[in-house]
Every structure is written in structure tokens, then in C-alpha cells.
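Dear colleague,

Please find below the structure that I promised to pass on to you. My notes on it follow directly after.

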Amino acid sequence: MADAADTAHSVHSDRTGRVLIAADKFKGSLTAVEVAERVTAGLRQVVPGLAVEALPVADGGDGTVAAAVAGGFERREVQVTGPLGTPVTAAYALRGDTAVVEMAEASGLQLLPEGVFAPLTSTTYGSGELLLAALDAGARTIVFGVGGSATTDGGAGMLAALGAKFLDGSGEPVAAGGGPLRELASADLSGIDPRFASVDLVLASDVDNPLTGPKGAPAVYGPQKGASPEDVDTLDAALAHFARILEKSIGSKAAELAAAPGAGAAGGIGYGALVALGARFRPGIEVMLDVLGFAPALARAGLVITGEGSLDEQTLHGKAPAGVAAAARAAGVEVVAVCGRLALPPEALEKAGIRRAYPLTSVEPDVEKCIAEAGEILERVAERIARDLLG
């Protein structure tokens, strides 16, 4: 197994002897903060007094605000419109004039009642309200983390909240959601809050899909939001129509940006941010590492421990552990990973810059138990890391 892929050797104080824990959440089991706490506890069971620095990370999806708050940002809460049109309490993070806004806080799947989906009518209106709250708080740089959405509306709801007008053939506002965009007759972006012209809006995402087509938002991500094959076809056609109407309104850049990397992020909210808010796309983990001060923390570390719930093929395409490992490898710092489930062979880990992975299943074969008792088992995994690498 890959968790026993190489011979252990000690990592001594080649820098300061400090271990840097820069892991994402174990979705459904542990937050990124809890992962860091449990790993720290396990390491210190074996090496009491070990110098450990925790820097919980995220890749722009759900958990991004929590990672920012753990990194020293202030948590702010505001009431916004949820994906089903009902009020929800959403949080963003603020430090100085930099805000971290997570669209999943306002428009995420986790806000839907269990078993309830609304693939055609869920809205990103609340994400626009959340951006406005950040502007009102004085933000001049906004990291807009997009992922984990319940929505596929191309960001139309978000833009409507920010002052855009989307009208049908009768001159009435189109209904909320991606499906009704097929009725769109005209788009007017001139009313969008003018402050966006002077704000650095960074679209932080771990996906680079275009808006529509076989790799677009409806086809790739629609089914996980409850979309049937017919719904996917409806949404794809509606978003394509949305882009055509915007092209009539603002010119050829609307069509060009529909094909741009990140346009399909979070049900196409990436497209809305790119086409109307002047956003620039960057891989979410790169942005978050910059915002959280990863580089100076890395300079103090002799070993980095990263991880997430499942280390699999998706990890290699912009997820947090891959970004952490790439940065650490460039700095010459060794990286190991913790995870709930390991689905990558040793050669793939090595290529990503991860020397070795330690899944929970390496100490507890029962997967259900790993999920139910993830924290306790992770501490035991961390003890193994300490014995292998810090003795």
C-alpha cells in the first residue's frame, strides 16, 4: 500500500525542527482546524513539546472562510438570500481591507434541506449580497471562493443583487435560477455597483471548466445538484442563451469569457464574476496560500503535513494538498499527507511532491468507524508519523 511506500527516516532540525500542518477539512468528519488539532495532539504524544505551526487551508470551496478565520481574519455574519430564496445567515472573513467571501456560505448545497434539490431555480442572489457586505465593510481586495454551490444560474442572481437587470420579453425580471434564463430577452449591466471598478476581485476556484458544453457547469456538476439529464440539457441551453444575450449587451468578450477557465465554476457563477465584475481567475489553493501567509510559515518548517478527506485523482487537479505540496517542494521542504481514504498509487503521490500518505484506514480498516471516529483515529495516524519521521 502507498501508506507504507518507502523506508522511514528521521526529519531532524534542518530548519527549526518545526512541523507545519497545512491540511484541508475531512469533509463530513473534521474541519481543517480540527484536523490540525488532532494531528498536533498525535505528534506530541510521541514527541512532547514538538514545535508545531497550524495553518488550516482551503481551495476556495466550502471551508474557505473558516480557514481564513483560523489564519487571523475576523469572522463577519450577515443575513442574505439563500439558494431557495429564503433568508440564511452567511459569514465572510475580513482583515484590513482584504475580504474572503465564500459563495457556498450564501448559495451552497449545505444550505438545502436534506434530500431537497432545486437545480433549475436555485439562485446565487445571496452571493451578490455577501459581496456587497464585504464592499460595505471597506474591502478593496476580495478573494471570492467559489465551489460547493447548489446553483447553476451563471451568476445571474449574484449580478441581479449587485444592480444588473435581466428582463424577459414582457419587460419583467426573469425568475430566479438557471432554467428561467431561457426566457431572457435583455440584459443591462450598467447598474452594477460602481465600486467593483476599483476592487481587486480574485475568483478563487479549484475547477477550470468553461460555462457550457460537455465540460461545462451543467454537464459536469449539474447531476450532483439534483439535475436530471433533461435538466442538464435545459440548463446548458439556458446558460448558452444567457451568454448570447450578454454578448448583445456588452460585446464579444461575453462569448470569449464563457469559454474561459473558471467560467463554469460553482454553476457558472465564475462566468458572472468574470464577465461583469472584472474578476481575475486564480487556482483557489494558490490564492489562499498567499492570503494565509503560507510562504513565511513554510520558511520556518522542516516538515509539512497536508491532507484532505480523500486523496484521489481529483486531488491532483487543483485541490489543497497538491497546492501545498507543490509550494513546499519548490522550497525544498518534505511533505507527507494524512487522509481518510487513499486512492492514489505511490508514483502519483511522488509526482505531486508528497513523499508518503497516511490514510485513517492504515490504522483502522473499518471505513465506517474511520468516518465516525475520525478525530481519534487521526491522532493515532499522527503518532505513526511522529515515530516514522520525527524520532
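What share of the contacts in the protein chain with a separation of 6 or more do residues 24 or more positions apart account for? Such residues account for 73% of these contacts, where contact means heavy atoms within 4.5 Å.

Before the rest, a word on the source: this is a predicted model, in which local features need pLDDT of at least 70 and side-chain atom pairs count only at pLDDT 80 or more, while totals for chains, interfaces and linings use all residues. Residues are numbered from 1 along each chain as its sequence is written, and side-chain values use heavy atoms, with hydrogens and water left out.

The protein chain has 15 helices and 13 strands, which are DSSP runs (H or I of at least four residues for helices, E of at least two for strands) numbered from the N terminus. Its radius of gyration, taken over C-alpha atoms, is 22 Å, close to the 21 Å that the globule rule (2.2 Å times the number of residues to the power 0.38) gives for 391 residues, so the chain is as compact as a globular protein of that length. Of the 391 residues, 55% count as buried, that is, under 20% relative accessible area with a 1.4 Å probe and protein chains only, as against exposed at over 50% and partly exposed in between.

Turning to helix packing, the axes of helix α7 (residues 229–250) and helix α9 (residues 265–276) come within 12 Å and cross at roughly 5 degrees, the axes being lines fitted to C-alpha atoms over the stretch in contact, with angles running from 0 to 180 degrees between N-to-C directions. On the α7 side the contact is made by Leu 239, Phe 242, Ala 243, Leu 246 and Ile 250, and on the α9 side by Gly 267, Tyr 271 and Val 275.

Also in helix α9 is Ala 266, which has a positive phi of about 50 degrees although it is not a glycine, and which is buried, with a relative accessible area of 9%.

Two further residues may interest you. Asp 24, in the loop between β1 (18–21) and α1 (32–46), is buried at a relative accessible area of 3%, and leaving aside its neighbours within four places in sequence, its contacts include Asp 59 and Glu 308. Cys 339, in strand β12 (residues 334–342), counts as buried at 0% relative accessibility, and with neighbours within four places again left aside, its contacts include Glu 308 and Tyr 358.
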